[in-house]
Amino acid sequence: MNDLVLLHAFPLDARMWDVPGALTPSLRGHGQPDLGTVADQVLGVLDERGLEKVLLGGCSMGGYVAMALLRRAPERVKGLVFVDTKHTADAPEAVANRHAMADRVERDGVGEWLVEAMLPNLLGPDASDTARALVRTMVLEQRAEDVAWWQRAMAKRPDSTDLLESLDVPSLVLVGEHDRITPPDVAAKLAVTLRRSTSERIENAGHLPPVEQPGEFRARLERWRGQVGI
Ligand code: MLT
(Lines give C-alpha, C1' and ligand atoms only; values in the text may rest on other atoms or scores of the structure.)
Protein backbone atom coordinates (compact mmCIF):
# COMPACT_ATOMS: atom_id res chain seq x y z
CA MET A 1 0.00 0.00 0.00
CA ASN A 2 1.29 3.47 -0.80
CA ASP A 3 1.69 5.49 2.35
CA LEU A 4 2.81 8.80 0.84
CA VAL A 5 0.42 11.68 1.57
CA LEU A 6 0.98 15.06 -0.10
CA LEU A 7 -0.83 18.24 0.97
CA HIS A 8 -1.23 21.06 -1.50
CA ALA A 9 -0.30 24.75 -1.44
CA PHE A 10 -2.55 27.85 -1.40
CA PRO A 11 -4.69 28.75 -3.32
CA LEU A 12 -4.41 25.49 -5.23
CA ASP A 13 -5.66 21.91 -4.93
CA ALA A 14 -4.59 18.30 -5.49
CA ARG A 15 -3.98 18.91 -9.20
CA MET A 16 -0.62 20.44 -8.28
CA TRP A 17 0.78 16.95 -7.62
CA ASP A 18 1.87 14.64 -10.41
CA VAL A 19 3.01 11.78 -8.19
CA PRO A 20 1.38 8.46 -9.12
CA GLY A 21 0.21 6.43 -6.14
CA ALA A 22 0.36 9.27 -3.60
CA LEU A 23 -2.70 10.17 -1.58
CA THR A 24 -3.34 13.85 -2.39
CA PRO A 25 -6.45 15.19 -0.66
CA SER A 26 -7.92 18.52 -1.77
CA LEU A 27 -8.50 20.24 1.53
CA ARG A 28 -11.45 22.40 2.55
CA GLY A 29 -11.86 24.51 5.63
CA HIS A 30 -15.03 24.68 7.67
CA GLY A 31 -16.09 26.42 10.84
CA GLN A 32 -13.70 28.82 12.51
CA PRO A 33 -10.51 29.22 10.42
CA ASP A 34 -7.88 26.98 12.01
CA LEU A 35 -5.41 24.68 10.26
CA GLY A 36 -6.00 22.12 13.02
CA THR A 37 -9.46 21.49 11.52
CA VAL A 38 -7.84 20.55 8.23
CA ALA A 39 -5.29 18.37 10.02
CA ASP A 40 -8.26 16.52 11.57
CA GLN A 41 -9.68 16.00 8.07
CA VAL A 42 -6.39 14.52 6.92
CA LEU A 43 -6.32 12.22 9.95
CA GLY A 44 -9.88 11.17 9.02
CA VAL A 45 -8.68 10.26 5.51
CA LEU A 46 -5.84 8.18 7.00
CA ASP A 47 -8.31 6.39 9.28
CA GLU A 48 -10.66 5.66 6.35
CA ARG A 49 -7.78 4.12 4.42
CA GLY A 50 -6.44 2.20 7.39
CA LEU A 51 -3.13 4.05 7.23
CA GLU A 52 -1.55 3.88 10.68
CA LYS A 53 1.70 5.70 9.82
CA VAL A 54 2.51 7.74 6.72
CA LEU A 55 5.23 9.65 4.96
CA LEU A 56 3.66 13.11 5.13
CA GLY A 57 4.54 15.88 2.70
CA GLY A 58 3.28 19.37 2.13
CA CYS A 59 4.04 22.26 -0.17
CA SER A 60 3.92 25.67 1.48
CA MET A 61 0.46 25.82 3.12
CA GLY A 62 0.43 22.02 2.92
CA GLY A 63 3.54 22.10 5.09
CA TYR A 64 1.72 24.27 7.65
CA VAL A 65 -1.11 21.70 7.70
CA ALA A 66 1.46 18.92 8.14
CA MET A 67 2.81 20.81 11.19
CA ALA A 68 -0.74 21.15 12.58
CA LEU A 69 -1.16 17.38 12.15
CA LEU A 70 2.16 16.70 13.90
CA ARG A 71 0.94 18.82 16.79
CA ARG A 72 -2.09 16.50 17.12
CA ALA A 73 -0.78 13.07 16.18
CA PRO A 74 3.01 12.82 15.73
CA GLU A 75 2.77 9.01 16.09
CA ARG A 76 1.02 8.84 12.68
CA VAL A 77 4.08 10.22 10.84
CA LYS A 78 7.16 8.16 9.96
CA GLY A 79 8.82 10.75 7.75
CA LEU A 80 8.34 14.26 6.39
CA VAL A 81 8.70 16.03 3.07
CA PHE A 82 8.61 19.81 3.33
CA VAL A 83 8.47 21.62 0.00
CA ASP A 84 8.91 25.39 -0.13
CA THR A 85 7.48 25.93 3.32
CA LYS A 86 8.50 27.41 6.66
CA HIS A 87 8.05 26.71 10.36
CA THR A 88 7.76 30.27 11.66
CA ALA A 89 4.58 32.24 12.35
CA ASP A 90 3.71 35.34 10.33
CA ALA A 91 4.98 38.82 11.12
CA PRO A 92 2.21 41.38 11.80
CA GLU A 93 2.45 42.82 8.27
CA ALA A 94 1.95 39.38 6.69
CA VAL A 95 -1.07 38.78 8.96
CA ALA A 96 -2.56 42.10 7.83
CA ASN A 97 -1.98 41.19 4.17
CA ARG A 98 -3.74 37.86 4.65
CA HIS A 99 -6.78 39.54 6.23
CA ALA A 100 -6.85 42.11 3.42
CA MET A 101 -6.90 39.32 0.82
CA ALA A 102 -9.58 37.40 2.73
CA ASP A 103 -11.77 40.52 2.90
CA ARG A 104 -11.23 41.28 -0.79
CA VAL A 105 -12.03 37.79 -2.01
CA GLU A 106 -15.26 37.86 -0.01
CA ARG A 107 -16.12 41.21 -1.57
CA ASP A 108 -14.94 40.71 -5.18
CA GLY A 109 -14.86 36.93 -5.57
CA VAL A 110 -12.06 34.93 -7.16
CA GLY A 111 -10.86 36.47 -10.43
CA GLU A 112 -7.97 37.88 -12.45
CA TRP A 113 -6.91 40.08 -9.57
CA LEU A 114 -6.11 36.97 -7.52
CA VAL A 115 -4.14 35.42 -10.39
CA GLU A 116 -2.19 38.67 -10.71
CA ALA A 117 -1.57 38.80 -6.96
CA MET A 118 -0.38 35.20 -6.72
CA LEU A 119 1.23 33.98 -9.95
CA PRO A 120 4.34 36.18 -10.06
CA ASN A 121 5.28 34.89 -6.60
CA LEU A 122 4.26 31.28 -7.11
CA LEU A 123 6.16 30.60 -10.31
CA GLY A 124 9.81 31.09 -11.17
CA PRO A 125 11.02 32.77 -14.38
CA ASP A 126 11.58 29.39 -16.09
CA ALA A 127 8.05 28.04 -15.56
CA SER A 128 6.61 26.45 -18.69
CA ASP A 129 3.38 27.55 -20.33
CA THR A 130 1.85 24.28 -19.14
CA ALA A 131 2.78 25.02 -15.52
CA ARG A 132 1.47 28.59 -15.83
CA ALA A 133 -1.81 27.43 -17.34
CA LEU A 134 -2.32 24.78 -14.66
CA VAL A 135 -1.63 27.16 -11.78
CA ARG A 136 -3.87 29.81 -13.32
CA THR A 137 -6.70 27.29 -13.71
CA MET A 138 -6.34 26.08 -10.14
CA VAL A 139 -6.37 29.62 -8.73
CA LEU A 140 -9.43 30.61 -10.76
CA GLU A 141 -11.33 27.47 -9.78
CA GLN A 142 -11.03 27.94 -6.01
CA ARG A 143 -14.10 29.04 -4.09
CA ALA A 144 -13.94 32.53 -2.57
CA GLU A 145 -14.99 31.24 0.85
CA ASP A 146 -12.16 28.70 0.84
CA VAL A 147 -9.55 31.31 -0.15
CA ALA A 148 -10.73 33.59 2.67
CA TRP A 149 -10.83 30.73 5.17
CA TRP A 150 -7.31 29.56 4.29
CA GLN A 151 -5.84 33.03 4.63
CA ARG A 152 -7.44 33.55 8.05
CA ALA A 153 -6.33 30.11 9.19
CA MET A 154 -2.74 30.63 8.00
CA ALA A 155 -2.64 34.03 9.74
CA LYS A 156 -3.31 32.27 13.06
CA ARG A 157 -0.78 29.47 12.77
CA PRO A 158 1.77 29.28 15.60
CA ASP A 159 5.54 28.99 15.39
CA SER A 160 6.53 25.32 15.04
CA THR A 161 10.18 25.45 16.06
CA ASP A 162 9.77 23.49 19.34
CA LEU A 163 7.50 20.98 17.67
CA LEU A 164 9.95 20.23 14.86
CA GLU A 165 12.95 20.13 17.18
CA SER A 166 11.20 17.41 19.19
CA LEU A 167 10.79 15.07 16.21
CA ASP A 168 13.02 12.15 15.39
CA VAL A 169 11.93 11.09 11.88
CA PRO A 170 13.77 11.48 8.57
CA SER A 171 12.80 14.68 6.76
CA LEU A 172 13.41 15.99 3.28
CA VAL A 173 13.42 19.76 2.81
CA LEU A 174 13.14 20.86 -0.81
CA VAL A 175 13.11 24.40 -2.16
CA GLY A 176 12.96 25.95 -5.62
CA GLU A 177 16.02 28.09 -6.31
CA HIS A 178 13.87 31.08 -7.36
CA ASP A 179 11.25 30.83 -4.60
CA ARG A 180 10.29 34.35 -3.52
CA ILE A 181 7.75 33.35 -0.84
CA THR A 182 9.98 30.91 1.09
CA PRO A 183 13.46 31.48 -0.40
CA PRO A 184 16.33 29.00 0.02
CA ASP A 185 17.64 30.74 3.16
CA VAL A 186 14.23 30.25 4.83
CA ALA A 187 14.23 26.56 3.83
CA ALA A 188 17.74 26.27 5.30
CA LYS A 189 16.44 27.54 8.66
CA LEU A 190 13.65 24.97 8.54
CA ALA A 191 16.14 22.20 7.76
CA VAL A 192 18.30 23.02 10.81
CA THR A 193 15.34 22.78 13.20
CA LEU A 194 14.83 19.16 12.08
CA ARG A 195 17.16 16.63 13.66
CA ARG A 196 17.33 14.21 10.73
CA SER A 197 16.97 16.35 7.64
CA THR A 198 18.25 16.28 4.08
CA SER A 199 18.06 19.61 2.33
CA GLU A 200 18.05 20.08 -1.45
CA ARG A 201 17.52 22.91 -3.90
CA ILE A 202 15.63 22.38 -7.15
CA GLU A 203 16.96 24.39 -10.06
CA ASN A 204 14.73 26.26 -12.51
CA ALA A 205 11.82 26.37 -10.10
CA GLY A 206 10.11 28.99 -7.95
CA HIS A 207 7.66 28.29 -5.11
CA LEU A 208 6.08 25.22 -6.76
CA PRO A 209 8.72 22.66 -7.84
CA PRO A 210 6.11 19.83 -8.01
CA VAL A 211 4.35 21.83 -10.77
CA GLU A 212 7.35 23.52 -12.39
CA GLN A 213 9.76 20.56 -12.34
CA PRO A 214 7.56 17.52 -11.65
CA GLY A 215 10.06 14.95 -12.94
CA GLU A 216 12.87 16.41 -10.87
CA PHE A 217 10.60 16.60 -7.82
CA ARG A 218 9.68 12.90 -8.13
CA ALA A 219 13.31 11.92 -8.73
CA ARG A 220 14.56 13.77 -5.61
CA LEU A 221 11.78 12.25 -3.52
CA GLU A 222 12.44 8.72 -4.75
CA ARG A 223 16.20 9.04 -4.30
CA TRP A 224 15.82 10.28 -0.72
CA ARG A 225 13.29 7.54 0.10
CA GLY A 226 15.83 5.00 -1.08
CA GLN A 227 18.63 6.63 0.94
CA VAL A 228 16.71 6.72 4.22
CA GLY A 229 14.79 3.50 3.56
CA ILE A 230 11.31 4.89 3.96
C1 MLT B 1 1.27 28.70 -0.38
O2 MLT B 1 1.90 28.58 -1.43
O3 MLT B 1 0.67 27.77 0.15
C4 MLT B 1 1.22 30.06 0.24
O5 MLT B 1 2.02 30.93 -0.47
C6 MLT B 1 1.63 29.99 1.65
C7 MLT B 1 1.60 31.31 2.34
O8 MLT B 1 0.87 32.22 1.93
O9 MLT B 1 2.30 31.44 3.35
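Me: Is Arg 180 buried or exposed in this predicted model?
Reply: The model is predicted. Arg 180 sits in the loop between strand 4 (171-176) and helix 8 (184-193). Its relative accessible area is 58%. The cut-off for exposed is over 50%, so Arg 180 is exposed.

Me: Which residues does Arg 180 touch, not counting those up to four places away in sequence?
Reply: Ala 68 is 112 residues from Arg 180 along the chain, and their C-alpha atoms are separated by 24 Å. The contacts of Arg 180 are with other residues: Pro 120 and Asn 121.

Me: How is Phe 82 placed, buried or exposed?
Reply: Phe 82 lies in strand 3. Its relative accessible area is 1%. Buried means under 20%, so Phe 82 is buried.

Me: What is the C-alpha to C-alpha distance between Phe 82 and Val 173?
Reply: Phe 82 has contacts beyond its neighbours within four places in sequence, including Gly 58, Met 67, Leu 164, Leu 190 and Leu 194. Val 173 is also one of these contacts. Phe 82 and Val 173 are 91 residues apart in sequence, yet their C-alpha atoms lie at 4.8 Å.

Me: How many aromatic pairs does a search of the whole structure find, and what kind is formed by Trp 17 and Phe 217?
Reply: The search finds 2 aromatic pairs. In the pair of Trp 17 and Phe 217, the ring centres are 5.8 Å apart and the planes are at 40 degrees. Stacked needs under 30 degrees and edge-to-face over 60, so this pair is tilted.

Me: How many residues apart are Trp 17 and Phe 217?
Reply: Trp 17 is in the loop between strand 1 (4-7) and helix 1 (35-49). Phe 217 is in helix 10 (residues 214-228). Both Trp 17 and Phe 217 are buried. The pair links distant parts of the chain, and the separation is 200 residues.

Me: What kind of pair do the rings of Trp 149 and Trp 150 form?
Reply: Trp 149 is buried at 7% relative accessibility. Trp 150 is buried too, at 4%. Their ring centres are 5.6 Å apart and their planes meet at 85 degrees, so the pair is edge-to-face.

Me: How do helix 1 and helix 6 lie, roughly perpendicular or roughly parallel?
Reply: Helix 1 and helix 6 (residues 144-155) pack with their axes 8 Å apart. The angle is about 110 degrees. The range 65 to 115 degrees counts as roughly perpendicular, so helix 1 against helix 6 is roughly perpendicular.

Me: How many charged residues are in the contact of helix 1 with helix 6?
Reply: Helix 1 brings Leu 35, Thr 37 and Val 38. Helix 6 brings Trp 149, Trp 150, Ala 153 and Met 154. By class, this contact holds 6 nonpolar residues and 1 polar; the charged count is none.

Me: How are helix 3 and helix 4 oriented to each other?
Reply: Helix 3 (residues 92-108) and helix 4 (residues 112-122) have axes that come within 11 Å. The axes cross at roughly 155 degrees. Over 145 degrees counts as roughly antiparallel, so helix 3 and helix 4 are roughly antiparallel.

Me: How many charged residues are in the contact of helix 3 with helix 4?
Reply: Met 101, Arg 104, Val 105 and Asp 108 come from helix 3. They meet Trp 113, Leu 114, Ala 117 and Met 118 in helix 4. The contact has 6 nonpolar residues, no polar ones, and a charged count of 2.

Me: What is the omega of the peptide bond from Phe 10 to Pro 11?
Reply: Most peptide bonds are trans. Pro 11 is in the loop between strand 1 and helix 1. The bond from Phe 10 to Pro 11 is cis, with omega near -10 degrees.

Me: Is Asp 84, with its positive phi, buried or exposed?
Reply: Phi of Asp 84 is near 45 degrees. Asp 84 is in the loop between strand 3 (77-83) and helix 3. The relative accessible area of Asp 84 is 0%, so this residue is buried.

Me: What is the phi of Asn 204?
Reply: Asn 204 is in the loop between strand 5 (197-202) and helix 9 (209-212). At 38% relative accessibility, Asn 204 is partly exposed. Its phi is positive although it is not glycine, at near 55 degrees.

Notes: Residues numbered from 1 in each chain as written. Predicted model: local features only at pLDDT ≥ 70, side-chain atom pairs only at ≥ 80, totals over all residues. Heavy atoms only, no water. Phe/Tyr/Trp six-rings, centres within 6.5 Å; stacked < 30°, edge-to-face > 60°. Helix = DSSP H or I, 4+ residues; strand = E, 2+ residues; numbered from the N terminus. Buried < 20%, exposed > 50% of the residue type's maximum accessible area, 1.4 Å probe, protein only. Axes fitted to C-alpha atoms, helices over the stretch in contact; angles between N-to-C directions. Parallel < 35°, antiparallel > 145°, perpendicular 65-115°, else oblique. Contact = heavy atoms within 4.5 Å. Nonpolar A, V, L, I, M, F, W, Y, C, P; charged D, E, K, R; others polar.
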